[in-house]
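Please keep the structure open while reading.

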Amino acid sequence: MKKVKGTINPKREISKINKEIYGHFSEHLGRCIYGGIFVGEDSEIPNTKGMRNDVVAALKEMQIPVLRWPGGCFADEYHWKDGIGPLADRKRMINTHWGGVLEDNSFGTHEFFELCDQLGCEPYINGNLGSGSVREMSEWIEYMTFDGESPMSKLREANGRKEPWKLKYFGVGNENWGCGGNMTPEYYGNEYRRYQTYCRNYGDNKLYKIACGPNGDDYDWTDKLMNLIKDQQADAISLHYYTVTHDWDHKGSATEFTEEEYYETISKTLYIEPMIERHLAVMDKHDPEHKVKLVVDEWGTWHDVEEGTNPGFLYQQNTMRDAIVAALNLNIFNRHSDRISMANIAQVVNVLQAVILTEGAKILKTPTYHVFEMFKGHQEAKLVDCYFDVEKKECKGKEIPVISSSASVNDKGEMTITLANPLLTEDVEVNADILGDYCDVTGKILIADVGAYNTFENPDKVAPKEYDGFKLEYGTLSGNIPPCSVVTLVLN
C-alpha cells in the first residue's frame with residue numbers, strides 16, 4: 001500500500017473552474033448525430049422534435065455545459081446553407097472525411113440550437129475556413145445572431161425562427177494545420193485575421209472567438225500563430241491532443257490490452273500536462289496579460305474501431321481504462337483552470353471516447369460518462385489549493401504518479417475533491433489536513449477491473465456506488481483509494 005500525505009486549503013482560492021471545461025463535442029461522423037442524438041420526428045424511438053429523449057435526459061443528468069458542432073474535420077467542408085429550410089430541399093452530399101456516407105443535411109443550424117435548448121447548454125459552433133469563404137462565415141453569424149432587418153435575418157424568419165439565437169463560442173476554422181486545409185501557421189494566422197474581421201458582434205451578442213491552435217506538441221505553431229493574432233480579437237486558441245496507445249497506424253484495441261499497454265496509455269495521457277504548460281509559456285511571450293485563453297476542444301482516447309464496424313465511423317468501446325484517462329485529464333484541466341477556459345471530449349455519442357453508446361432504441365452510459373457525472377460538482381466552483389506529496393511508481397517501465405487530485409469549493413461552501421488511483425495492484429492510503437471548518441464527508445467510487453465495460457445486455461456493469469472509505473476527524477481527512485478507481489468526496 002502506498003501512503004500519501006497532503007494539505008487542502010479551501011481558503012486559498014486559485015481560479016474559477018469554468019463549467020465549459022466539462023464540455024463535449026458532436027460531429028457529423030458515424031452515428032454521433034444521426035441515430036445517436038437525432039432520429040427525426042417520425043422515428044419510433046421516443047423523441048422531442050427529432051432529438052432522442054433518452055440521450056437528452058442522460059446528458060442533462062450529467063450537466064453537459066457546452067456542445068461543439070458541426071466538427072471536427074467535417075466543419076471545414078460544411079456549408080451551412082445546405083442545412084436550412086425545408087428538409088426536402090436540403091442538399092445531399094458525401095461525407096468525404098468520415099466513411100464516404102450520404103449526408104442529407106437533415107440536422108442543421110436550427111436543429112443544433114434546438115438540441116442545445118433541450119440540453120440547457122451553450123452552443124459552440126465551428127465555422128468553415130478551410131473550404132468556405134469570408135462571406136459564408138459572416139452570413140452564418142448574421143443568420144444566427146442578428147436582431148433586425150437584414151437578408152440573413154429575413155432568411156432565418158422564412159425558415160421559422162424570428163428571434164435570433166444567443167451564440168457565444170465560435171471557432172474560426174478547425175485543424176487548419178491538417179484536414180482544415182494543410183496550412184502553415186503563418187498562412188492560417190493571416191487567414192484568421194481576415195476572417196475574424198467579419199465575424200461581427202450583433203446587438204448584445206458578443207462572440208468568444210477561438211483560433212485554430214496547435215496539434216499536440218507543435219510549439220512552433222503556437223509561437224507563430226500568437227505572434228500574428230495577439231491583437232486580433234482572439235479570445236482563445238485551441239489545442240487538440242488524443243491519447244493513442246501505440247501509434248496512428250496501430251492504435252490498439254479498446255478492450256483487449258496488456259498491463260504494459262495500460263501503463264503506456266496512462267503515460268501518454270499524463271503527457272498533456274507538461275504539453276499544456278509549455279504551450280502556455282509560449283503564449284506568455286506574446287500575451288503576458290493572459291488575455292488569450294487555451295481551449296482543449298478535442299481530447300480523449302483513440303483506439304482501433306470495434307471489429308465489424310465501419311472504419312470511418314470511429315466506434316469504440318469504453319472501459320475502466322478510459323474512465324481513469326478521463327479522471328486524469330479533468331483533474332489536470334481543473335488545476336490549469338486559470339488559463340484553460342473550455343475543454344471538449346471527443347465525442348459525445350458513439351464516436352471515440354463517448355459518454356453514451358446507442359444501438360437502435362437501446363442506450364448505455366459508459367464508464368467515462370460516470371466520471372463526468374461524478375466530477376460535475378467542480379463546475380463553476382473555485383479551484384482551491386490541494387497539495388499531495390505524490391511519489392511516482394515505476395509500472396512496466398513508466399513512471400506513474402500514485403494518485404491524481406483536484407479540489408474546489410462551490411458558492412454554498414461545499415468542497416468537492418476528486419481522486420484517481422491509476423495503479424492496478426496497490427491501494428493508496430490518503431491523509432490530508434483540511435484547513436477549514438468541515439465536519440462531514442460523503443463519497444462515491446467508480447471501480448472495476450481495468451478491462452471492464454458496459455454492454456447493452458449489462459449496461460450497469462461499471463457504475464458508481466456510495467463509498468464510505470474516508471472519514472473526517474479533527475481536521476484530518478483519511479481514507480483509502482483502491483487500485484484502478486476514481487473517488488469523489490464532498491465535504492460539508
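Strands β19 (residues 404-409) and β20 (residues 415-421) run antiparallel and are joined by six bridges. The model is predicted. Both strands belong to an open sheet of ten strands with mixed pairing.

**The sheet**
- Across the sheet, the strands come in the order β23-β22-β26-β20-β19-β16-β1-β21-β25-β24.
- The edges are formed by β23 (465-466) and β24 (470-473), each of which pairs on one side only.
- Within the pair of β19 and β20, S408 stands opposite T416 in β20.

**Helices across the sheet**
- Helix α9 (residues 320-335) lies across β19 and β20, and also across β16 (382-388), β22 (441-447) and β26 (485-491).
- The angle between helix α9 and β19 is about 50°.
- Helix α10 (residues 367-375) lies across β20, β22 and β26.
- Helix α10 runs at about 165° to β22.

**Residue M51**
- M51 is placed in strand β4, which spans residues 51-52.
- M51 counts as buried because its relative accessible area is 0%, and the cut-off for buried is under 20%.
- Beyond its neighbours within four places in sequence, M51 is in contact with I37, F38, P46, V56, F107, E111, E114, L115 and Q118.
- K224 lies 173 residues from M51 along the chain, and the C-alpha atoms of the two are separated by 42 Å.

Note on methods: Residues numbered from 1 in each chain as written. Predicted model: local features only at pLDDT ≥ 70, side-chain atom pairs only at ≥ 80, totals over all residues. Heavy atoms only, no water. Helix = DSSP H or I, 4+ residues; strand = E, 2+ residues; numbered from the N terminus. Buried < 20%, exposed > 50% of the residue type's maximum accessible area, 1.4 Å probe, protein only. Contact = heavy atoms within 4.5 Å. Pairing = 2+ DSSP bridges. Axes fitted to C-alpha atoms, helices over the stretch in contact; angles between N-to-C directions.
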